[in-house]
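Hello,

Here is the structure I promised to pass on to you. My notes on it follow just below, so that you can read them with the model open.

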Amino acid sequence: MSAAAFDMGALGALLRMAAGLALCPLLLGVINRVKAKFAGRQGQPLLQTYYELAKLLRKGAVFSTTTSWIFGLGPAAGLACGLCALALVPLGGQPGLFSFEGDLFLFAGLYSLGRFLTATAALDTGSSFEGMGASREMQFAVPAELALILGFVALSQATGEYSLAGILGRLDLARWQACGPVLALTAAALFLVLLAETCRIPVDDPNTHLELTMIHEVMVLDHGGPDLAFIVYGQALKMWTLGAVLAGLVIPARGDGAADVLLGAVWGVVGIFGLAVVIGIVESSMARLRLLLVPRLLVGATALSGLALILLLR
Amino acid sequence: MPARWTILAPAAAGAAAFVIPDNRTRRGLLVATAVTHLALTLLAFRAPARPFFDGALLLDDPGRLFLLATSVLFIAAAFYTMGYLKREASGSRPDMVEGRLFSNSPEARFTGCILLFLAAMSFVCLAQNLGLLWVGVEATTLASAPLVYFHRHHRSLEATWKYLLLCSVGIALALFGTYMLALSGGGEVSLGLPALMAAGPTLNPVLLKAAFVFLLVGYGTKMGLAPLHTWLPDVYSESPSVVALLSTSLLNVSFLAILRVRQVLCAAGQADFGNDLLVFLGLTSMGWAAIFLLRQTDYKRLLAYSSVEHMGILAFGAGIGGTGMFGALLHLFAHGVAKGAMFLLAGNVLAAYMTKNVSGVRGLVRALPYSGPLWVAGVLALVGMPPFGAFVSELTILRAALAGGRYTLAGIFLLLLSVAFIGITTACLRMAQGTRAQAASQTGGQFHSPAERQTGQSFAPREAWSAVLPPLALIACALLLGLYHPARLAEVMVSAARITGGF
Amino acid sequence: MLSLVELILVGLVLTNLVLLGTSRIGLCIRMVAFQGVGLALLPLLGHEGLEPEALAISGATALLKGWIFPLLLFRSLESAHVRAEVEPYVGYSNSLLFGVAALAVSVWLGGRVPVPDPGVPSLLTPVAFFTILVGLFGIVTRRKAVSQVVGYLVLENGIFAFGAVALRKAQLLVEMGILLDVFVAVFVMGIAIFRINREFDHIDADRLASLKE
């Protein structure tokens, strides 16, 4: 690859990353607006999350004496994981800032690491509520991670590529025509994983104020100020990155020319926001599942990914 | 042309039995059909075989043998049923185990289903097309299900449910095997036995082996091979003794189905695969049954597990091949008549003692002057004492195993036979010894029969000839099989062994 | 692009997974009906023209599996006044995991048992094995008698799918055999369930355990 092309590639990737950094809080605003419209309300301003983040960054934080340095490490490291994932993820068929073979597993691993650190910080507080939330979160993570990994393996088997950029770059209309049902099954599984990772209904209710029904919210109950800002922003980043993968899977607009690249990026962003709207609709039309049924839903997602993989291997 | 009437006559009689209103006429019809069926079967031994129904039905030598076995058991059953139905009280009465009220199914349904059952079994014996064979075995399941539910209480309902479910699953798996068999011929070969055997070497071996496995599992369920035999003890203990006797011939007929499939396998050169599977399943059945025989407390279930064991012996003999196949066919007869006699006698014992427990029955020989000694003779015939037929057949199978150099298998065979022997004889002979008073004191209860309750005297039932003559005849057959084989029968058995043994 | 036959087979697999994971008996019965109707299309897809025999088989299968059997099963549920839960011995998540494992095993086995006819999709044998395994699993691990009948129907669906696709050239006797088998077996089983309702006040096959050893 010539130096110029490389520069263009790197510049483009940086621009896409910047777009992600800037736009991801807007996703939460879109979801809230959709839910409000369904409920017949006016709803929060679309930019509410930005105002919240700004407010939180200005505030101070109170740390309990039972906590240790891990409590402070959790949010910051979680944000770092989210940023690394953002650097990996392709948008609209174009590669992210870094891309190498096997980066799928790094992607899934970054999610796991972030979750692990959040859960450890929660356990560090010594509060039983937070411990309960951490245990629930970890329990749901097991089938969700399995579904994610199997889905990625199915995608790499379908396209013959082993890096995220390669996979999403190859998913054009022809590929959809060749193995449509497999890709559809994987998309369904990844959507369920997205709901689980970003703690949305039917897995977790982000608006509940009852600690006993919370999963993610209760883990971060004791964080305040900049730590809470990092956590909220990290959640938004998670939604953006996984949403980018899913949008790239579902919208097969690819091309090589400059105009196509731009169009692809636009389609990618549109796709992610479309996904946010869909999440909002799902949240408005369902209640959260009983805690006993959530693992079954996620095992169902694993079964879907497994089925997609098996269909490919025949 | 007598062969086709072995199917049509019972079928017509069965249909008629549903509509005949008078009990005595119906019972007479039952006995008449049984006699006709036996006569036709014996005639078929003389007449040469002629195919009909487009070559799909033909009475060849294996078919003749199995048909004879079925017919002999059926005629004994028919005579016994005549008296049994007369003795069975109508209306609801208390159950002897739990004391709840129950009633019987209508007699017409019982008689009709028995006759249709015979028709279906004859159909299987005649079938030369594996698809028709499957239809016949399916028909036997459906015809026999209402028979199990004759006494309408919840235990027999439970037994009927288990029977239906397990046998339907087995039949479904056998159908899948039949499909794979049809496919192994490339979809061009029909399911007719001669066509399949002629096309033997060209059949796809993988599909053929897979088909055999499914067919063995499916028909093995009907035959009572472990581990799919779990319906057997429940059905045999909860249904009337006659039904248990007829189920014995059902087990035989399912064995024929397995042998037919093995014929195809041998024609394709895959005989070793089939034989190994049969030997394995045979020994497993014998072992499983032997374990459950050792401390059995219900004598009908004891006889049921003994059936499982003997089916294992049949499978083992068939798997050994050569003279072992001849031994298996002889054992089919010997076991069939001995077991049939035992079930009828068990019915007599049940009617007299009103209990199904081994410990509740003592002093059979003294209390029942005809059934008691017959019971002892039957036990000896069943476990393979000389001079009864089972001894000869088991010895033949053992010798075949030793001649083939399979010493370990022969050793296991002997060991399991001994364990089963111990289990059966300790229970059954103890029932025959002693006096009746000992049984009463063990159960700590009273005499149950209404006659005793009324008079308070000691027990001296009158035994109807219809309850004694059939078991006597069957045990005489068992004795005959051990001492002398009529020439024609021996000829047919050797020829059948050659055809089904596949060597 | 997958042919229509392969799409039906994938639908069969998905409905099997739903059957394994759901706790509502009503949904189980509807899924089996759905499977039956989908499979009823299979005899029509093999032949170049629409032969009247194939149409008859198709229609009869759709009627039986899609309407009559569910009707019988729902009737027996009503008359028993049972709770509409499946009540299995093996939990739902474990059942789903078993399903995925069974699918993997079926694919492996199916790969070793080839279907010689090139017009038959290679997905057929694995899906047939998988459906049979799911049916057997349903019979063994479910407590209620109705669930066991549903498991049996799934087993029959698997066998029917195999026969309808692989044996297109063979006689009709085979298809008729299966219809007869299912019809009479379920009819007789339905009667048995009705009687079970009357004898006991439940259709809990787990409590049909008084005959032991």
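In chain C, buried residues make up 49% of the 213 residues; a residue is buried if 20 or more other C-beta atoms lie within 10 Å of its own, exposed if 12 or fewer, and partly exposed in between, with C-beta atoms placed from the backbone. Before you go further, please note that this is a predicted model: local features need pLDDT of at least 70, side-chain atom pairs count only at pLDDT 80 or more, and totals for chains, interfaces and linings use all residues. Residues are numbered from 1 along each chain as its sequence is written, while chains are lettered from A and ligands numbered from 1 in the order in which they are written.

Chain C has 8 helices and 0 strands (helices are DSSP runs of H or I with at least four residues, strands are runs of E with at least two, and both are numbered from the N terminus). Of the contacts in chain C with a separation of 6 or more, 73% are between residues 24 or more positions apart; two residues are in contact if their C-beta atoms, placed from the backbone, lie within 7 Å. One residue to look at is C:Leu63, in helix α4 (residues 52–80) of chain C. C:Leu63 counts as partly exposed because 14 other C-beta atoms lie within 10 Å. C:Leu63 is 29 residues from C:Phe34 in sequence, and their C-alpha atoms are 12 Å apart in space.

Next, how the chains meet. Of the 2 pairs of chains that touch, chains B and C have the most contacts. Chain A also meets chain C: 15 residues of chain A are in contact with 18 residues of chain C. On the chain A side, α8 (180–197) and α12 (294–313) each supply at least two residues, and α12(A) gives the most, with 11 residues. By class, that side of chain A has 8 nonpolar, 5 polar and 2 charged residues. Here Ala, Val, Leu, Ile, Met, Phe, Trp, Tyr, Cys and Pro count as nonpolar, Asp, Glu, Lys and Arg as charged, and the others, Gly among them, as polar. No contact joins chain A and chain B, and their closest C-alpha atoms lie 19 Å apart.

In chain A itself, have a look at helix α5 (residues 128–159). The 32 residues of α5(A) reach 46 Å from the first C-alpha to the last, close to the 46 Å expected at 1.5 Å a residue (the expected span is 1.5 Å times one less than the number of residues). There is a kink of about 30° at A:Ala141 in α5(A), shortly before the proline A:Pro143; the bend at a residue is the angle between axes fitted to the seven residues ending there and the seven starting there. After α5(A) comes A:Gly160, with a positive phi near 80°.

What about the nonpolar core? The largest one has 348 residues, and B:Phe117 and B:Val124 have the most contacts inside it. Such a core is a set of buried Ala, Val, Leu, Ile, Met, Phe, Trp, Tyr and Cys residues joined through C-beta atoms within 7 Å. Helix α6 (residues 154–184) of chain B contributes the largest share of this core, 20 residues. Beyond its neighbours within four places in sequence, B:Phe117 is in contact with residues including B:Leu147 and B:Leu246.

Chain B also has an open sheet of 3 strands in the order β1-β2-β3, with antiparallel pairing (two strands pair if DSSP finds at least two bridges between them). β1 and β3 of chain B stand at the edges with a single partner strand each, so one side of each has no neighbour in the sheet. B:Arg93 has B:Phe102 in β2(B) as its bridge partner, and B:Ser103 has B:Arg152 in β3(B).

Lastly, some backbone details. Most residues other than glycine have a negative phi, and most peptide bonds are trans. Against that, a cis peptide bond with omega of about 0° joins B:Ala226 and B:Pro227, and the bond from B:Pro386 to B:Pro387 is cis too, with omega near 0°. A:Cys199, which is not a glycine, has a positive phi of about 55° and counts as buried, with 20 C-beta neighbours inside 10 Å. B:Met354 has a positive phi near 60° and is partly exposed, with 17 such neighbours inside 10 Å.

Best wishes
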